[in-house]
Amino acid sequence: MLNDIYNWFANFDLMSAILYTSALLLYAAGFLGAVLPYPGCFVALGGSVCYALADGSPSSWWVWLILTLLATFGTLADNITSAMGARKFGGSKQAIIASMLGLFIGAFFVFPFGIILGPFIGAFIAELALVRKNLKDSAKSGFGATLGLMAGVLAKVIVTAIMLLVTVL
């Protein structure tokens, strides 16, 4: 047992430890980015780079292409699903823009309620004040924006998990 511990310390590589730690932190931030309004999939892609550098095993170009395409898809899916949700429930362009703004502003308030309510409130106020829709239609648009946001969050979590599996396996 002591021999195993000695061998581990004898083969300890500080740069690899820093890179593995960086990969872990970047992937944690990437998963957090699935909920917060920043491109978490691309942060996770940085974690994949750190992991590959620490691991020392070269990955082929198609693995990096797949990871980059996944990160792009995850980021686009997040933005598009919120807009599609608002549009599907009768939301205007103003409601779509306001729902994204509401998401950004909501991130600074009580987590996770600000993120969930932000798009709803943004789309609701835009429909009510700018487009002059009634309360029912404004609420419907806000609900659609929130539903779309939740679909986008789910897509980003799944994409980030797939990226992690592709990186580690």
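Mentor: We'll look at the nonpolar surface patch and then at the nonpolar cores, keeping in mind that this is a predicted model.

Trainee: Great. Which residues form the nonpolar patch on the surface?
Mentor: Trp61, Trp62, Leu65, Ile66, Leu69, Leu154, Ile158, Ile162 and Val166. Together they have about 900 Å² of accessible area.

Trainee: And which helices each supply at least two residues of the patch?
Mentor: Helix H4, covering 61-88, and helix H7, covering 135-168. H4 gives the largest share, with five residues.

Trainee: Let me zoom in on Leu65. Where is Leu65 found?
Mentor: Leu65 sits in helix H4. Its relative accessible area is 41%, so Leu65 counts as partly exposed.

Trainee: Okay, new topic. What makes up the largest nonpolar core?
Mentor: There are ten residues in that core: Tyr27, Cys41, Ala44, Leu45, Val63, Leu67, Leu70, Ala71, Val159 and Met163. Helix H3 (40-55), H4 and H7 are the elements that give two or more residues to this core.

Trainee: Which element gives the largest share of this core?
Mentor: H4, with four residues. As we saw, H4 also provides the largest share of the nonpolar patch.

Trainee: What does Ala44 touch, leaving out residues up to four places away in sequence?
Mentor: Ala44 is in contact with Leu26, Tyr27, Gly30, Thr160 and Met163. Of those, Tyr27 and Met163 belong to the largest core, along with Ala44 itself.

Trainee: One last thing: which residues are in the second, separate core?
Mentor: That core has six residues, among them Ala83, Ala86, Ala95 and Ile96.

Terms used
Residues are numbered from 1 along each chain as its sequence is written. This is a predicted model: local features need pLDDT of at least 70, side-chain atom pairs count only at pLDDT 80 or more; totals for chains, interfaces and linings use all residues. Side-chain values use heavy atoms; hydrogens and water are left out. Patches are made of residues with over 30% relative accessible area and no salt bridge: like charges are joined within 9 Å, nonpolar side chains (Val, Leu, Ile, Met, Phe, Trp, Tyr) within 5 Å. Accessible areas come from the Shrake-Rupley method with a 1.4 Å probe; for residues, only the protein chains shown count as cover. A salt bridge is a side-chain nitrogen of Lys or Arg within 4 Å of a carboxyl oxygen of Asp or Glu. Buried means under 20% relative accessible area, exposed over 50%, partly exposed in between (1.4 Å probe, protein chains only). A nonpolar core is a set of buried Ala, Val, Leu, Ile, Met, Phe, Trp, Tyr and Cys residues joined through side-chain atoms within 4.5 Å. Contact means heavy atoms within 4.5 Å.
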